[in-house]
Amino acid sequence: MSRTAYEAGRRVRSGIAARLPTDLARLEPGAKVATLLAAAAKLKSRPGHKAATHILTELGVELAALLEPERRPDWAWFEILFDDDACRMAEALLRAGSVLAEKTFVVRGLQTLEWMLAGPGARRCASSLGAACDAAYAA
C-alpha cells in the first residue's frame with residue numbers, strides 16, 4: 001500500500017475525515033480504494049457517519065464510472081491495465097454498495113469480481129480474492 005493510501009485510510013479510521021472530502025479528487029487509484037474500504041468500515045461501525053457516507057458515495061460513483069469506458073466483451077475492468085494495486089477495486093465497490101445499499105455499486109462489483117475469477121485476476125489477486133468474495137456475500 002502506498003504512503004498516500006495509508007494516510008488516507010488512517011485519516012478516515014481515526015475520525016478526522018471532516019477535511020478529507022476536499023482531497024478526494026487528488027488521490028491516486030490505490031489511495032481511493034483504501035479510502036473506500038476504510039470509509040465502509042467506519043460507516044458499518046458508526047451508521048450515519050456523514051463524512052464516511054460522503055466519501056463512499058463520491059468515490060463509489062467515481063469507481064463505478066471508471067468501469068464503462070474500458071469495458072469490452074473480454075475486459076470487465078476499471079482501467080485499461082490490470083496491475084497488482086487494482087486487486088481490491090471490486091471489493092471496495094462491493095463494500096461501498098453493501099453499506100450504502102447502492103445496487104449499482106453491488107452489480108458492478110459483482111461483474112468485476114466474476115471477471116477477476118475467470119481471468120487474469122485469479123492468479124494475480126489470490127491474496128485479496130477472499131476479501132472480495134466475503135464482500136460479495138455480504139452484499
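**Before you start**

This is a predicted model, where local features need pLDDT of at least 70, side-chain atom pairs count only at pLDDT 80 or more, and totals for chains, interfaces and linings use all residues. Residues are numbered from 1 along each chain as its sequence is written, and side-chain values use heavy atoms, with hydrogens and water left out.

**Stop 1: the whole chain**

Show the cartoon first. You will find seven helices and zero strands, with helices and strands taken as DSSP runs numbered from the N terminus (helices H or I, at least four residues; strands E, at least two). Of the 139 residues, 45% count as buried; buried means under 20% relative accessible area, exposed over 50%, and partly exposed in between, with a 1.4 Å probe and protein chains only. Among contacts between residues at least 6 apart in sequence, 60% join residues at least 24 apart, a contact being heavy atoms within 4.5 Å.

**Stop 2: colour by confidence**

Now colour by pLDDT, the predictor's confidence in each residue, from 0 to 100. The average is 75, and 60% of the residues score at least 70. Select residues 3–13, helix H1, where confidence is lowest at a mean of 55; then select H4, where it is highest at 89. Residues 16–21 have a pLDDT below 50, although this stretch has 15 contacts in the model beyond near neighbours in sequence. Where pLDDT is low, the predicted coordinates should not be read in detail.

**Stop 3: helix H4**

Select residues 89–100, which form helix H4. Its 12 residues reach 17 Å from the first C-alpha to the last, close to the 16 Å expected at 1.5 Å a residue; the expected span is 1.5 Å times one less than the number of residues. Met89, Ala90, Glu91, Ala92, Leu93, Leu94, Ala96 and Gly97 are buried in this helix. Step just past H4 to alanine 101, which takes a positive phi of about 55°.

**Stop 4: the salt bridges**

Side chains of opposite charge can pair when their charged atoms come close.

Start with glutamate 62 and lysine 32, which meet at 2.2 Å, N to O. This pair links distant parts of the chain, with glutamate 62 in helix H3 (residues 50–70) and lysine 32 in helix H2 (residues 29–45), 30 residues apart. Glutamate 62 is partly exposed at 29% relative accessible area, while lysine 32 counts as buried at 13%.

Next, pick arginine 88 and glutamate 91, whose side chains form a salt bridge at 2.8 Å, N to O. Arginine 88 is partly exposed at 34%, whereas glutamate 91 is buried at 2%. Glutamate 91 also bridges to arginine 95, at 2.8 Å, N to O. Because glutamate 91 and arginine 95 are four residues apart in H4, about one helical turn separates them. Arginine 95 is partly exposed, at 28%. Shared partners join Arg88, Glu91 and Arg95 into one network.

**Stop 5: the nonpolar cores**

Select Leu36, Leu56, Leu63 and Ala92. Of the 21 residues in the largest nonpolar core, these touch the most other members. Such a core is a set of buried Ala, Val, Leu, Ile, Met, Phe, Trp, Tyr and Cys residues joined through side-chain atoms within 4.5 Å. The elements giving it two or more residues are H2, H3 and H4, and H2 provides the largest share, seven residues.

Zoom in on leucine 56. Leaving aside neighbours within four places in sequence, leucine 56 contacts Leu36, Ala39, Ala40, Leu43, Val61, Ala96, Val99, Leu100 and Phe105.

**Last stop: leucine 113**

Centre on leucine 113, in helix H5 (residues 103–118). Leucine 113 is buried, at 5% relative accessible area. Leucine 113 and arginine 88 are 25 residues apart in sequence and 9.6 Å apart in space, C-alpha to C-alpha.

Terms used
A salt bridge is a side-chain nitrogen of Lys or Arg within 4 Å of a carboxyl oxygen of Asp or Glu.
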